[in-house]
Amino acid sequence: MFAIERYNKAQNVKEAVNLLAADPDAKIIAGGTDVLIRLHGGSKEYRNLVDINGLAELKEISEEAGGAVRIGSMATFSEIMDSDIVNRCVPVIAEAVSTVGGPQLRNTATMGGNICNGAVSADSAGALLVLQADLEIQGIGGEREVPVVGFHQGPGRVSLKQGDVLTAFRIKPENYKGFGASYYKYAMRDAMDIATIGCAAAARLDGDKIDELRLAFTVAAPKPIRCEHAEKTAAGKPLSEKTLEAISDIVQKDVKPRSSWRAAQEFRLHLIRTLTQRVVRQAIERAGGKF
Amino acid sequence: MAVGKSPRRKDAVAKVTGRARYTDDLSMPGMLYAKYVRSPIAHGRVLHIDTQKAQSLYGVEAVFTFEDVPDKRFATAGHPYSLDSKHTDIADRRLLTGHVRYQGDEVAIVVARDRLTAEAAVELVQVKYEEYPVAVNAQTALKADTPPIHEGGNVIGSHRFEVGGMLEKAFEEADEIVESHYQTGVVQHCHIENHSTYAYMDDMEHIVVVSSTQIPHICRRIVGEALDIPWGRVRVVKPYIGGGFGNKQDVILEPMAAFLCMKLGGVPVKIELPREECFISTRTRHSTRSNIRAGTTKDGVLKGLDIEIFSNTGAYASHGHAIMGAAGSKSCNLYPRSVIKLKATTHYANIPTAGAMRAYGSPQVIFGIECLMEEAARAINMDSLDFRIKNVARQGDINPLKEKEILSCGMVECLENGRELIGWDAKKKAYKNQTGHLRRGLGVACFSYGSGTYPACVEIAGARLILNQDGSVHLQIGATEIGQGSDTAFCQMAAETLGVSFDNIHVVSTQDTDVSPFDTGAYASRQTYVVAPAVKQAAQELKAKILAYTALMTGQVPESLDLIAGNVVFANRPDKVVLPLDKVAMDTYYHKERGGQLTADVSYKTRTNSPSFGCTFVDLEVDIPLCKVFIKEIFNVHDSGVIIHPQMAAGQVHGGLAMGIGMALYEELLIDENSGYIYNNNLLDYKMPTCMDIPDLGCAFVETREPTGGYGNKSLGEPPNITPAPAIRNAVWDATGVKIDEIPMTPKTLYRHFAKAGLI
Amino acid sequence: MQKEITCTINEKQYVLSVDVRKSLLDILRDLGITSVKEGCGVGECGACTVLIDEIPADSCITLAVWADGKTIRTVEGESANGQLSKVQQAYIDAGAVQCGFCTPGMIMTTTAFVEKHKDCKVSREDIRKGHAGNLCRCTGYETIISAVEMCLKDSDNNDSGKN
């Protein structure tokens with residue numbers, strides 16, 4: 001039994017927005033795998049809930065006429081992993097979310113929750129960052145679309161106001177077509193774990209040169225990040241071990257991992273360097289490149 | 001013949017259909033829920049405690065603090081009682097305490113009508129503490145100016161022996177002396193069923209405690225001692241139990257549940273620990289630091305072994321005073337021709353209490369010894385497998401500590417078997433001179449273990465057989481089924497000796513101390529070994545009664561009869577049925593002039609303790625930049641005497657291997673060095689392996705016949721857990737050239753060592 | 001606060017007034033469906049796994065009200081007329097049962113896994129990935145994985161769940 005004090009089930013997104021706007025303490029419960037665990041732990045912040053769990057309108061995964069991929073915020077990780085559209089257009093998202101927790105958790109947890117709770121370790125965040133996904137948000141003032149790059153504000157903090165409901169992720173064709181992408185989750189166990197470091201990369205090639213590299217990390221800073229220096233360094237460089245070395249050297253400028261009981265800073269830095277090489281290599285290979 | 005086959009477990013259907021009832025499945029109407037108020041600090045004293053607000057919360061029935069409980073100290077270790085006053089367990093615990101000794105210590109307890117109210121009430125209890133300096137390890141706990149955690153100081157016990165000769169002399173005869181320092185971490189049992197207990201009274205005198213315990217009869221005694229009530233007034237019932245691994249060989253919740261129930265007029269009161277509390281407030285495995293020296297001749301004769309070890313028992317003694325003695329002594333069966341000197345010190349610290357955990361200290365001691373054997377072999381350029389084969393026990397060796405002959409021993413055969421299984425010789429060659437990120441390595445380690453606790457403790461087992469009307473037989477035993485399959489093994493034994501089919505032997509799986517024969521319970525891998533003679537004797541007695549009765553019915557002489565496959569037959573013509581057993585049984589019950597219920601009831605004390613043997617072989621790959629180990633193949637090979645039920649025996653090996661892999665590579669309860677704060681008291685942050693983290697597990701048996709075992713059998717439950725860690729460490733050394741003398745070898749540990757060695 | 005829900009549990013219809021604060025685990029156990037075990041309360045151990053509309057979920061972190069309109073399967077419903085399901089039988093035959101506490105949840109995970117993969121080629125690694133949300137401390141998973149393999153081998157011509 002959870003110490004829930006107020007509970008309202010929203011019949012649709014609009015009602016959810018109104019319920020949230022009416023109660024400054026109210027929080028969304030979606031898949032429940034985060035909120036209910038916090039309640040189990042005695043949290044007092046999640047006792048007034050607006051339930052959007054059953055909203056079918058938020059579950060759809062579709063491909064728009066122009067080629068954009070739209071993933072409803074309440075699509076579970078399993079639904080995303082099993083989606084033909086996702087596997088055909090943006091397989092790195094399926095790859096990333098398949099590393100979350102275990103099967104049961106993936107059957108209930110949603111990608112919307114994974115992003116909105118602002119987790120520094122969110123496995124979907126790295127993939128969404130390198131695909132430059134956009135977020136569709138409904139709020140009191142209506143709908144708006146914001147890029148995922150910049151959405152995270154810090155540990156547990158994102159750019160959402162009370163009353164906002166994330167409804168979908170949108171990945172534009174220019175952000176996935178022609179890219180090879182890869183995600184690697186480094187954790188202490190191969191399942192049921194949170195990332196020590198998560199690394200995502202997307203690469204587009206121009207002949208035997210890197211045209212564009214996008215590199216993202218989770219747990220490498222107080223929020224999931226893209227790596228500006230590393231990406232700049234990669235642009236226009238030939239596919240070579242030397243290039244990989246250069247990228248993994250400079251990536252240290254982009255990251256700021258902390259020491260905690262989970263892992264020391266220097267170990268995380270070592271992993272960042274190691275994973276940069278492995279994940280960028282794989283992204284390039286998936287883009288058709290050869291070393 | 002039932003022994004040596006793998007009939008369906010007696011509890012299999014109950015468990016796959018969800019009908020098997022565990023303590024939590026046996027709720028009672030009107031049951032109250034109790035929840036502890038725990039200390040947020042690791043060491044200190046309660047200055048002030050205010051329960052007013054909690055008491056006045058609707059639904060709260062009572063709040064008790066350390067000031068309200070009897071001023072009586074008791075011991076919680078699940079050992080048999082000792083008549084020798086020098087051999088008693090350390091009584092260092094009260095039901096609640098004002099002197100808190102670890103983060104999570106119990107200062108008060110709330111009883112409410114439901115769980116949620118109990119949780120809310122705990123939050124309302126206000127406690128002010130005076131903080132004391134915290135000591136979490138030997139270095140700080142044993143410093144002269146560290147304040148004592150208990151009266152009398154922080155050393156709770158020491159064990160010393162020097163056997164097989166004089167160590168100094170042995171080292172003089174050695175050509176090489178190697179030495180290393182080893183460290184093992186705090187690990188936890190992680191049985192999937194947490195601790196759960198409830199107590200109720202049917203009258204004014206007797207208290208019934210239903211509990212997830214490995215040791216119902218010991219539990220009865222300890223509840224009696226803790227509450228100062230006659231033991232006969234306490235009844236302990238053990239339903240199905242969801243794993244124990246030693247953590248339920250300790251009496252943790254039962255005295256409190258009984259106390260609360262008595263205080264509250266006999267209504268049922270339940271204490272069930274959530275996982276987070278189970279992690280910190282039940283028991284753990286002792287962390288250790290050891291310094292070990294070994295001396296060997298050039299041609300590989302191990303001359304001496306010098307073991308100095310510090311064992312951290314945490315906040316309370318529990319089994320601490322016994323474990324290092326028990327574990328240290330086992331090395332004498334493994335390398336009986338070497339001089340062995342042990343100096344073990346066990347101390348308190350401000351961390352969760354360590355107690356019994358699968359193999360009772362042996363994994364820690366053997367980790368150091370088997371790492372050092374690798375080093376000794378390398379020092380003389382000898383293959384470490386050959387070095388072990390040269391020095392391990394053989395049948396006929398005399399254990400220098402116990403001065404007892406080893407009557408059965410398949411240790412060398414286990415090692416030779418493992419050599420073939422893993423492909424040792426070919427791989428050893430193939431793995432030489434590797435470079436690159438991915439490197440393969442081979443490792444081996446071996447162990448010996450006991451079959452019970454004799455002569456340190458009494459070994460008493462009870463078995464009762466009852467012939468039912470339909471010719472089936474009920475077996476009642478005091479030994480406890482905790483998942484290992486003991487009920488099934490005992491039924492096999494009864495069927496074997498009695499001459500009744502396995503399917504016609506029924507077993508009472510629940511132990512009830514008012515009804516079940518006396519047995520001290522599941523621990524020390526004792527049960528198949530020490531219960532076997534009791535079952536065997538009871539079966540022989542019942543069989544004799546059946547034959548005598550049949551003789552009475554038929555006018556034959558008993559000696560001419562035998563009982564085979566459920567029929568009384570002529571001994572010299574087994575195909576000729578005299579009477580089927582059900583006919584005999586009906587007559588015993590319902591004939592008006594003769595007979596009566598046929599039963600046999602045996603209590604048997606075992607006065608032997610035979611060593612079992614075995615080893616782990618592992619082939620693994622290390623990804624050096626990732627600081628990760630990937631096990632490619634792993635085998636345990638065991639000499640546990642005659643295998644009673646091969647399928648269940650393999651199950652014990654698999655489970656022990658996996659737990660050993662966890663201890664080697666993943667698991668550690670992380671405790672802040674300065675504050676004693678525990679970081680990872682849950683199954684997300686404490687890295688118990690999932691099925692993704694455990695490779696395919698191999699197992700093989702070398703079957704010897706132990707003359708003192710009722711059916712030629714020896715211990716098996718705990719041993720598989722002992723050697724995976726040193727074998728894996730030796731293989732990591734083989735692969736990378738880096739010698740890691742601590743477990744767990746998590747990626748964080750490997751990073752430190754690889755960085756230091758310049759590999760990354 | 002109470003809410004009325006309608007659901008099917010092991011092929012029986014239920015109309016229940018549930019406290020919104022309760023988990024699905026809570027209400028199943030209240031109904032006497034005690035195969036559903038609590039090992040952690042936070043979705044880490046899988047002992048409380050049930051199938052909700054055929055999908056395995058940790059009932060400890062599923063609100064009871066979410067069962068409204070759903071079909072729930074627990075291990076109690078897997079055997080009928082004294083006949084074990086193929087999965088239950090395979091667990092026994094493979095020796096995958098020890099203490100039994102993780103068994104009901106594990107069997108439900110396997111049941112869904114086998115139904116989903118009945119026409120696929122499945123490796124032991126796939127089985128591992130599909131069962132990584134259920135912890136077992138007794139078996140080292142070895143015989144559990146073997147039991148799943150047995151089910152898949154046997155499931156050529158009919159569905160594996162029920163006989």
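Trainee: What makes β12 and β13 of chain A a pair of strands?
Mentor: Two strands count as paired if DSSP finds at least two bridges between them. In chain A, 9 bridges join β12 (residues 197-206) to β13 (residues 209-218), and the two run antiparallel.

Trainee: Why are β11 and β14 of chain A said to stand at the edges?
Mentor: The open sheet holds 4 strands in the order β11-β12-β13-β14 (chain A), with antiparallel pairing. β11 (179-186) and β14 (225-226) of chain A each have a single partner strand, so one side of each has no neighbour in the sheet.

Trainee: Which strands of chain A does helix α8 lie across?
Mentor: Helix α8 (residues 123-130) of chain A lies across β11, β12, β13 and β14 of chain A, at about 20° to β12(A). Helix α11 (residues 265-286) of chain A also packs on the sheet, touching β11, β12 and β13 of chain A, with its direction at about 35° to that of β12(A). Axes are lines fitted to C-alpha atoms, for helices over the stretch in contact, and angles run from 0 to 180 degrees between N-to-C directions. Contact between two residues requires their C-beta atoms, placed from the backbone, to lie within 7 Å.

Trainee: How many residues of α8(A) are buried?
Mentor: A residue is buried if 20 or more other C-beta atoms lie within 10 Å of its own, exposed if 12 or fewer, and partly exposed in between, with C-beta atoms placed from the backbone. In α8(A), 8 of 8 residues are buried, so the helix is mostly covered. A:D123, A:L128 and A:V130 are among them. A:Q132, with a positive phi near 50°, follows α8(A).

Trainee: Why is strand β7 of chain A said to lie largely in the open?
Mentor: Of the 6 residues of β7 (residues 142-147) of chain A, the number buried is 0, so the strand lies largely in the open. Its pairing with β6 (residues 134-139) of chain A is antiparallel, over 6 bridges. A hairpin of 2 residues joins β6(A) to β7(A), and A:E136 stands opposite A:E145 in β7(A).

Trainee: How do you know whether B:C261 counts as buried or exposed?
Mentor: B:C261 has 24 C-beta neighbours inside 10 Å, against a threshold of 20, so it counts as buried. This residue is in helix α7 (residues 254-263) of chain B. Beyond four places in sequence, its contacts include B:A199, B:Y200, B:I207 and B:V269. B:Y200 is 61 residues from B:C261 along the chain, yet their C-alpha atoms are separated by 6.0 Å.

Trainee: What is the contact between chains B and C made of?
Mentor: It takes 44 residues from chain B and 42 residues from chain C. On the chain B side, α1 (12-16) and α17 (646-666) give two or more residues, and α17(B) gives the most, with 8 residues. That side has 21 nonpolar, 14 polar and 9 charged residues. Here Ala, Val, Leu, Ile, Met, Phe, Trp, Tyr, Cys and Pro count as nonpolar, Asp, Glu, Lys and Arg as charged, and the others, Gly among them, as polar.

Trainee: How many residues of chain B are in contact with chain A?
Mentor: 18 residues of chain B are in contact with 12 residues of chain A. The largest share of the chain B side, 3 residues, comes from α19(B).

Trainee: What is the mean pLDDT of chain C?
Mentor: pLDDT is the predictor's confidence in each residue, from 0 to 100. The mean for chain C is 94, and 94% of its residues reach 70 or more. Over residues 157-163 of chain C, pLDDT stays under 50. Where pLDDT is low, the predicted coordinates should not be read in detail. For the complex, the predictor gives an ipTM of 0.97 and a pTM of 0.98.

Terms used. Residues numbered from 1 in each chain as written. Chains lettered and ligands numbered in written order. Predicted model: local features only at pLDDT ≥ 70, side-chain atom pairs only at ≥ 80, totals over all residues.
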